[in-house]
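These are my notebook entries on one protein chain. I set down what I looked up, entry by entry.

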Amino acid sequence: MKTYKFKTTINCGSCIRAVTPHMNKLEGVQDWKVDTDNPDKILEVTSDSLDAQTIKSTVEKAGFKAEQV
C-alpha cells in the first residue's frame, strides 16, 4: 500500500463533489481525501496499484491542478 500526496486547486465542497466521480472510477484506490483547511489543499490517495501520474491526470481531467509533494 502506498500513499501519494498532491498539492491541488481543489479548495471547497463543490470542488470535492466535482472530483469525486473521477476518483471513485479509478481502480486501485483504497481511500482518498482532500484537506481543504491546508493552504496547499493536499489530496491524499492510498492505493496498492496506481502510480502518481495516473492520479494526477485523473485530477486534471476533473478540471483541477495537481502537483505531487
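**Entry 1: a loop residue.** I began with Lys41, which is buried because its relative accessible area is 18%; buried means under 20% relative accessible area, exposed over 50% and partly exposed in between, with a 1.4 Å probe and protein chains only. I located Lys41 in the loop between β2 and β3. I also noted that phi of Lys41 is near 50°, a positive value in a residue other than glycine.

**Entry 2: the source.** I recorded that this is a predicted model, in which local features need pLDDT of at least 70 and side-chain atom pairs count only at pLDDT 80 or more, while totals for chains, interfaces and linings use all residues. Residues are numbered from 1 along each chain as its sequence is written, and side-chain values use heavy atoms, with hydrogens and water left out.

**Entry 3: the elements.** How many helices and strands does the protein chain have? I found two helices and four strands. Helices (H or I, at least four residues) and strands (E, at least two) are DSSP runs, numbered from the N terminus. Read from the N terminus, the order of elements is β-α-β-β-α-β.

**Entry 4: overall dimensions.** Along its principal axes, the C-alpha trace spans about 25 × 20 × 15 Å. I noted that 36% of the 69 residues count as buried.

**Entry 5: contacts along the chain.** Contact means heavy atoms within 4.5 Å. Of the contacts with a separation of 6 or more, 60% are between residues 24 or more positions apart.

**Entry 6: the core.** Which residues have the most contacts inside the largest nonpolar core? I found Met23, Trp32, Leu43 and Ile55, in a core of 19 residues. At least two residues of this core come from each of β1 (2-8), α1 (13-25), β2 (29-35), β3 (42-47) and α2. A nonpolar core is a set of buried Ala, Val, Leu, Ile, Met, Phe, Trp, Tyr and Cys residues joined through side-chain atoms within 4.5 Å.

**Entry 7: Met23 and Thr58.** Not counting residues up to four places away in sequence, Met23 touches Val29, Trp32, Val45, Ile55, Thr58 and Val59. I then turned to Thr58, which lies in helix α2 (residues 52-61). Thr58 counts as buried because its relative accessibility is 8%. With residues up to four places away again set aside, Thr58 touches His22, Met23 and Leu26.

**Entry 8: Val19.** Is Val19 buried or exposed? I found Val19 buried, since its relative accessible area is 1%. Val19 belongs to helix α1. Beyond its neighbours within four places in sequence, Val19 is in contact with Ile10, Trp32, Ala62 and Phe64. The C-alpha atoms of Val19 and Asp37, 18 residues apart along the chain, are 17 Å from each other.

**Entry 9: Cys12.** I placed Cys12 in the loop between β1 and α1. Cys12 counts as partly exposed because its relative accessibility is 32%.
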